[in-house]
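Please keep the sequence and the 3D view at hand while reading.

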Amino acid sequence: MAFDERTQISATLPTGDVKRDRAYLVVLAGASVGEMYKLESDQTIIGRGGRAQIRLLDEGISREHAQISIEAGRVTLRDLGSTNGTYCNGLRVESRDLVDGDKILVGSTTILKFTYHDNLDEIFQKQMYESALRDGLTKAFNKKYFTDRLESEFTFSVRHATPLALVLFDIDHFKKVNDTHGHQAGDHVLTEIAALLTSTLRAEDVFARYGGEEFAVICRGSDAGQAQVVGERLRKAVEGHSFVYEKTHIPVTISVGIAVLPDAAVKDASDIVALADQALYKSKHAGRNRVTLHAAG
């Protein structure tokens, strides 16, 4: 299958465009497996702080952990005095020129591969990354990615005492949509909602299909008030949108539940999901098409 996809892609590219001259870091292990970072600047900082061009969620990574420098065709990895060190091919390094295929360990779980790509490699790798992390129908992130990312965001929030919000919502009376208009109409509503709401969220928010007609949004750094604003924005966007399938208008609304850290009742990432789900249930029980915030303990 992979060979067939690669062959198909290559047919769309100029035959002469095969020069492998694009430097990348590809995540082999960690919170964002498969993600590609193109090294375009003379200097690129790797870390979890705001100044890092490559931001990685890993407890063992320093705010400014390491730096990649490109000068006169040389690509150099340099540790920036990180707490846990930077490793290349299993050896701790202070500075090292990189060659194609080098494996870089930063933090406790994140492994990056340094490599060069041509145009075909780049497109193929991006397709594989997207297919592994995205829901096939809606193109929202899939549940596995959501679960992995929530674990990372939860750990970050607890460690740094920063707020974290989880917004859950599902489509009201979705079974009726399928029964009345057919499953293709239901699929149309799902894809339309995903496209509509993705455009209303911040780039750093994680929008995922949690299952069936249920979706989730992870909002890093959002407190209760900010999360309610997000929930209302999503609800109003759906309520005000015209869903039309084969010239038939389909009325669609969503019910929303929100849980926010810090919360004494939350001990792990699964707890915040349970509390947001309880709030979602209250929205549905109270009449649907509304937002409910779980009261933090």
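A residue counts as buried when its relative accessible area is under 20%. The model shown here is predicted.

## Aromatic pairs

The structure holds 6 aromatic pairs. One of them joins F114 and Y116. Their ring centres lie 5.2 Å apart and their planes meet at 75°. Planes over 60 degrees apart count as edge-to-face, so this pair is edge-to-face. F114 is buried, at 0% relative accessible area.

F141 and Y145 form a stacked pair. The distance is 4.2 Å centre to centre, with 20° between the planes. F141 has a relative accessible area of 14%, so F141 is buried. Y145 is buried too, at 5% relative accessibility.

## A ring cluster

Ring pairs also build a cluster. Its members F169, F207 and F215 are linked in this way.

## Charges over rings

F141 has a further contact. The charged end of R134 sits over the F141 ring, 3.9 Å from the ring centre. That places F141 in both a stacked pair with Y145 and a contact with R134.

R220 provides another case. Its charged end sits over the ring of F156, at 4.0 Å from the centre.

## Cysteines

How many disulfides does the count come to? The count is 0. A disulfide would need a pair of cysteine sulfur atoms within 2.5 Å.

Are C88 and C219 buried or exposed? C88 has a relative accessible area of 1% and is buried. C219 is at 0% relative accessibility and also counts as buried.

Key. Residues numbered from 1 in each chain as written. Predicted model: local features only at pLDDT ≥ 70, side-chain atom pairs only at ≥ 80, totals over all residues. Heavy atoms only, no water. Buried < 20%, exposed > 50% of the residue type's maximum accessible area, 1.4 Å probe, protein only. Phe/Tyr/Trp six-rings, centres within 6.5 Å; stacked < 30°, edge-to-face > 60°. Lys NZ or Arg CZ within 6 Å of the ring centre and 35° of its normal.
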